[in-house]
Amino acid sequence: NCGNCRATFQTLDVTVDAQKILSCVERIRRKLGYAVGAALVGDVLHGSNLERIRALHLDELPTYGILRGRSAAKFRSWCCGCCARETWRATRSTKA
């Protein structure tokens, strides 16, 4: 009854993109001393010109804009999928 059961899916190797995402997550954590959410990571990866990114100097990271031109919706989908399969684990920040 579910469309997924009858659908044909395309298999893609996203290893390199996953490495870029994880690299960005770790670089942000090291720079700020705490983890941030997927939305901010996505903004950094896509090279967003948000004031918050500039204020935190995240535009100075080597991973800033590294996924520019890639779909932001795909990025969110990958993150949600990885969390759902417990490949990645979303945690609550311990920042005060």
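Predicted model: local features only at pLDDT ≥ 70, side-chain atom pairs only at ≥ 80, totals over all residues.
Residues are numbered from 1 along each chain as its sequence is written, and side-chain values use heavy atoms, leaving out hydrogens and water.

**Helix α2**
- Helices here are DSSP runs (H or I, at least four residues), numbered from the N terminus.
- α2 covers residues 15-32, so 18 residues, and spans 26 Å from first C-alpha to last, close to the 26 Å expected at 1.5 Å a residue (that is, 1.5 Å times one less than the number of residues).
- Asp 17, Ile 21, Cys 24, Ile 28 and Leu 32 are buried (under 20% relative accessible area; exposed is over 50%, partly exposed is in between, with a 1.4 Å probe and protein chains only).
- Those buried residues fall within an arc of 60° seen down the axis, so they line one face of α2 (the arc uses directions from the helix axis to the C-beta atoms).
- Over on the other side, Gln 19 and Arg 30 are exposed.

**Two histidines in loops**
- His 46 sits in the loop between α3 (38-45) and α4, and is buried at 18% relative accessible area.
- A polar atom of the His 46 side chain lies 2.7 Å from the backbone oxygen of Gly 42.
- His 57 is in the loop between α4 (51-55) and α5 (72-84), and is partly exposed at 39%.
- Phi of His 57 is positive, near 60°. Most residues other than glycine have a negative phi.

Terms used
Polar contact = N/O pair within 3.5 Å; in protein donor to acceptor, adjacent residues only side chain to side chain.
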